[in-house]
Amino acid sequence: MSKPALLPPLLGRAGERPGRPERLLLALSGGPDSVALLRMMLDKGYNVEAAHCNFHLRGAESDRDEMFCKNLCEKLGVKLHVVHFDTKEFAELRGISIEMAARELRYRWFTQLAHDTAAEGVCIAHHSDDQVETILLNMLRGTGLKGLLGMQRQNGIFIRPLLGMSRKDILEYLDSIGQDYVTDSTNLEDDVQRNKLRLDVIPMLEKVTPAAKQNILRMADNLSDVDAIVEQSIEEARKGCKVDCRSGKAYSMKQIMSYASPRLLLWSIASEQGFNREQVSEMLSSKEGGRSWTSQQAVAVFSNETLFIYERSLWEQPLPTMRIPETGLYGYSNGKIRVSIKETVDSPQPSKERSVATLDAESLAFPMTLRPIKEGDRFAPFGMKGSKLVSDYLKDKKVEPLERHQQLVVTDASGMIIWLVERTIDEKAKVTERTKKVIRIEIVKTVP
């Protein structure tokens, strides 16, 4: 096989004419695939720097690979970046497999290195045989449509220029230019899923159908058209079910359930925030308001036939609890609170400002406390006879879950809630025409 005359255009999506990137990184392992890609990119005049990860998993063989990459890059005049990982320790700390640990470490480093070097992309030397293995692995894991498409030629900054070439093509290319490479001995061992597919399953499939690999790739290509239609439909559906939300994202469950495939639509929404399929199924079947689900980065809450999704860090931010022994100005984590008392001159009126509560001083006692709401908290909302759960009051007012979760109250010495901060006061603490002294509690942004 003669040397390929052309690499596919790097960067840019289908239908676009990409400009030539100023700098690219290439993940160089020393194996035939990445070595071939490096030589092809240099042949086409790309400005490329190599990046090598030493995972220290194969003893002397790992060090051999690093030395090969150093010698090759020195010979070719290519700048090489090298990083060393204690992969086993990282896997144990995270409670994940060695394979997953290595993947997370290298992609995290590639991303950071691309940023540090102002590289426009990171080239990965996956080829068509890798693609077939990936599709089969995804099938075994019970994949959806996306998994049947396999790896994408470009995913963010990561580019896979060799997906149109086979392992056989790559080896013939290297032979034609007299380029050597190293072989990872673990690729020849029948002890991990991908190797089992490569060494056992795919050869067996080719005995059944000689064109098995080509047919699998053709299936993925055909399904890419179906995926484009599905993506367009889902995007339109997502816009249709989205509702206003002050601090996060919110979706009408009624609209979601009216879609041809509610599970697919909700999966497209929730999976982006790290929720799994079991959680999505629970969301679809949930009839209980206030139920919540947590992923690594988000919290979802079902309320008023709406699914609210918030950043987990925002949901879990600490809320203040503070004792207020007497009048004065007090600082707390989210702001300041001023408490003052004055005698009335005219008939006092309840404050109309959200940030201010005016209360009958003679019906209350210090010390007061500013704190988050608790389960079972009750109070008598202003203008209402009898008491009500704070949680029910907030739900009836259609307050969003995050604001309910972060609601603060002020209590007096008896523990009675006298102010639902920035919402309403307790009926029993209101000022009347008989009020002689008024306690004024104010949330202030800055010290005057």
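Buried, in my notes, means under 20% relative accessible area, exposed means over 50%, and partly exposed is what falls in between (1.4 Å probe, protein chains only).

**Ground rules**

I am looking at a predicted model, where local features need pLDDT of at least 70, side-chain atom pairs count only at pLDDT 80 or more, and totals for chains, interfaces and linings use all residues. Residues are numbered from 1 along each chain as its sequence is written, and side-chain values use heavy atoms, with hydrogens and water left out.

**Entry 1: salt bridges**

I looked for salt bridges, meaning a side-chain nitrogen of Lys or Arg within 4 Å of a carboxyl oxygen of Asp or Glu. The idea is that side chains of opposite charge can pair when their charged atoms come close. The count comes to 29 salt bridges.

I began with D377 and R371, whose side chains meet at 2.9 Å, N to O. D377 counts as buried because its relative accessibility is 11%, and R371 is buried as well, at 10%. I also found a network: salt bridges that share partners join D129, D130, E133, R167, R194, R198, E206 and K213.

Then I looked up D227 and K146, which form a salt bridge at 3.0 Å, N to O. This pair links distant parts of the chain, with D227 in helix α9 (residues 212–241) and K146 in helix α6 (residues 145–149), 81 residues apart. My helices are DSSP runs of H or I with at least four residues, my strands are runs of E with at least two, and both are numbered from the N terminus. Are the two partners buried or exposed, or something in between? D227 is buried, at 10% relative accessibility, while K146 is partly exposed, at 46%.

One more pair is E282 with R291, at 3.5 Å, N to O. E282 is partly exposed at 25%, and R291 is partly exposed at 32%.

**Entry 2: a sheet and its helices**

Strands of a sheet pair through backbone hydrogen bonds, either parallel or antiparallel. I count two strands as paired if DSSP finds at least two bridges between them. Here I found six strands in an open sheet, ordered β3-β2-β1-β4-β6-β5, with mixed pairing. The edges are β3 (80–84) and β5 (154–155); each has a single partner strand, so one side of each has no neighbour in the sheet.

Q154 has I159 in β6 as its bridge partner.

Which helix touches β2 and β3? It is α2, which packs on the sheet with its direction at about 165 degrees to that of β2. Helix α1 (residues 32–43) lies across β1 (24–27), β2 and β4 (122–123), at about 155 degrees to β1. For these angles, axes are lines fitted to C-alpha atoms, for helices over the stretch in contact, and the values run from 0 to 180 degrees between N-to-C directions.

**Entry 3: Q131**

I found Q131 in helix α5 (residues 128–140). Q131 is buried, with a relative accessible area of 7%. Leaving aside neighbours within four places in sequence, Q131 is in contact with L149, G150, M151, L163 and L217. Contact here means heavy atoms within 4.5 Å.

**Entry 4: aromatic rings**

I pair rings of Phe, Tyr and Trp (its six-membered ring) if their centres lie within 6.5 Å; planes under 30 degrees apart count as stacked, over 60 as edge-to-face and the rest as tilted. The whole structure has seven aromatic pairs.

F55 and F85 are stacked, at 5.7 Å centre to centre and 25 degrees between the planes. F55 sits in the loop between β2 and α2 and F85 in the loop between β3 and α3 (87–94), so the pair ties together parts 30 residues apart in sequence. F55 is buried at 17%, and F85 is buried at 13%.

Y107 and F158 are edge-to-face, at 4.9 Å and 75 degrees. I also noted that Y107, W109, F110 and F158 form one aromatic cluster.

Most residues other than glycine have a negative phi, and most peptide bonds are trans. I noted H56, with a positive phi near 50 degrees, and E305, with phi near 60 degrees. The peptide bond from F366 to P367 is cis, with omega near 0 degrees.
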